[in-house]
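Work through the exercises below with the sequence and structure open. Each task is followed by its solution in steps.

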Amino acid sequence: MDVNVDLTVVWAFIIAFAVFAYVVMDGFDLGIGILFPSFEVGRERDRAMNSIAPVWDGNETWLVLGGGGLFAAFPLAYAVILPATYPLIIAMLLGLVFRGVAFEFRWRDPSHRRLWDFAFTGGSLVAAMAQGMTLGALLQGIDVVDRAYAGSWFDWFTPYTLLTGIGTVAGYALLGACWLVWKLDGEAQAHARTLAKRAAWATLILMGGVSIYNLGLRPEYADRWLTAPEIYFAAPVPILTGLIALALLRSLSVERHSKPFWLSLALFFFGMAGLGVTMWPYVVPPGLTIWDVAAPERSQVFMLIGVGITMPLIIAYTAWAYWVFRGKVGDEGYH
Amino acid sequence: MFDGFDALLLARIQFAFTVSFHFIFPALSIGLASYLMVLEGLWLKTGKQLYLDLFKYWLKIFAITFAMGVVSGIVMSYQFGTNWAVFSDKAGPVIGPLMAYEVLTAFFLEAGFLGVMLFGMNRVGKGLHFAATFMVAFGTFVSAFWILSVNSWMQTPVGFEMGANGQFLPGESWWDIVFSPSFPYRLVHTVLAAYLTTAFVVGGVGAWHLLKDRTNAHARKMFSMAMWMAALVVPIQIFAGDMHGLNTLEHQPPKVMAMEGHFESHPDGAPLYLFGIPDQDAQELRYAIGIPKLSSLILKHDPDASLDGLDTVPRDEQPPVAVVFWTFRIMVGLGFAMLGVGLWSLFARMRGKLYDWKWLHRAALLMGPSGFIAVIAGWVTTEVGRQPWVIYGLLRTADAASPLDAPAVGASLLAFVIVYFTVFGVGVWYILRLMKAPPHAGEKGVKRTEKGPVRTAGITPGPTQNPGHNPDTLPSNHEEADDGR
């Protein structure tokens, strides 16, 4: 039994890692989609899209790992969360359909370009908003009776989930703008930097808003953050987040290339750590802990072998794919 | 809206719709990835420009097909939880890990190397690029392996224990679960079906261009390759399908009864019904036309062998017979039509007329989409044929759905139908337009510029302004202009 308990925690961290990888990697793809209308039609838009065309598919695969991994390691959580956030999940999937096909379709016919650019932005925006609202719906709690979702199909819609949705849109826009600061140069880069500054402020304000809202959302959340001894473990998270926020704003004003992107990743990392502190050890607040929903040990062990073998390889060839397409995008147009 | 509907029925329609639409794309991309690998391999081996041209021609079509497969596939990975929550909770410990393996060993592999395959020819060496193409092709196969393992376990569940909480739990051996009794047959039959679907698409496109211009060397090559596949692989597929049918008879006899239209038992030799109108309420096949004893001969290798009919199966455990009966005939009929084209092409080849017989080209063009119809018909046969069970004999489909109201399921179904038909309809139209353009020497790769060859913006070097130098035809050429850093 001891082994089983440990494996459940291991799996919680693996799923959290997959979700984090998805959020930051597809986050910058979706962010570029969200910011797309502000780019000049033609070269600026083409370069923005080309900067992610070779990697978006791999980035999106982390979403399948997050969903598939949840199904495999915590099947009951998967079976409760998806019906509880049904319209959000469907909206996200349809948004991702539009966003995904736009990568190929926008090049096929110049007279359709405007339509697919709109689909790219609309799909990205809907997907980002739906993901943020799903997170909010999870944090505010889901009614469960007899291993099944017991609410109705619009329970998730509250002011709080609107806030988390908008916060996610802003955060993705920040990631996307910082990615473009790294991958573009010249005027386009300056444009991306301006966008990144605005998105950084919006993200920080909304992150702060959600954090404060969380304290009043459920009494146990406030306890985890504000009482001893938990506060000693929890306190470094907001402090480090604040320091990173300052460094990020500074890196955007001194014209660095890759640094803002890495700092925005760090910002997301500590944002997720904060969520971890808020929820742990519940996966479906207020009733289900990770142990309540975990798959049996045999399933956990079998998958852990697979993860142990494949994950280092996945990280290696993903890194290689990024390295192949390293550097600024599309300079040759200047020749 | 949808208040008067049955949420279960809507959920079933939604799954059938999204999975059928989805499967169209992998049915092509599994085969096309391998075809691209063969073309690139032949190019590397022979150095002939023709193979590289064909590679680039089909790469553009592959890119669109693959993107549509990815986005419709992500929908599938969430359908289990959104609409089939009870199934997900109960079966998750057994099939969840198999699907996790699919993500880890297949999806990442495909997605990780796809970017290099599509856009990286000028950025990595020829050998590495070929390796990337191989990885994508291999990934599509591994993906088929795992998802068919999941499906097969649901059809022929073994190697599990029942948990106290009502969950199916894995038993001692994962090997038993992964290699459930129907899996090897289903895997071979489905992968061959994907290859043949691709072969007939390639053959149809080749035939179209041969009908326009018999001398087009590129069209000749693709038509010839496709017809070799048709001539050699269709007979293997018919044999594999027969084996799969025998396996189904062993594990899911009511499905075979429905396929055959056998409402009544035949103690001394069952007929093979070629035609009939199944009437499930009356439990009889009306206007039946059959060949005596042939069914027993095929299924039992003995014309006088006894075969049970649906009269041995309780009415509430019978699958809907008419759907299974007809889709099975569509699949088999198309299979034999494919065999006909394959043999015809063999005959034409022997006579040295492969590129001359216009009626052969017309037939191949007509059969271009036949693979898609056949695979969808085959899947409907096997999926409807296992009803009313979602986990065969153990969990009824009716007991597996999410606790959702009909309006929620109905609204999402409507959204899927509208979005899929418009988005994928346009995508298919783009593909058809690419196919309409004749393959030619100096074929371009996946284009990344908006307004043609004026300037290059992107990861692949577009054609430069420098006449007489086309980087697309010199894939190993590491141009400074390409890297641009």
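**Exercise 1: the interface**

Task: find how many residues of chain B are in contact with chain A, and which helix of chain B gives the most.

Solution. In total, 69 residues of chain B are in contact with 71 residues of chain A; two residues are in contact if their C-beta atoms, placed from the backbone, lie within 7 Å. On the chain B side, at least two residues each come from helix H2 (49–83), helix H3 (85–119), strand E2 (168–170), helix H13 (406–436) and helix H14 (480–483). Helices (H or I, at least four residues) and strands (E, at least two) are DSSP runs, numbered from the N terminus. H3(B) gives the most, with 22 residues.

The model is predicted: local features need pLDDT of at least 70 and side-chain atom pairs pLDDT 80 or more, while totals for chains, interfaces and linings use all residues. Residues are numbered from 1 along each chain as its sequence is written, with chains lettered from A and ligands numbered from 1 in the order in which they are written.

**Exercise 2: one residue of chain B**

Solution. Begin with the location: B:Ser143 lies in helix H4 (residues 126–155) of chain B.
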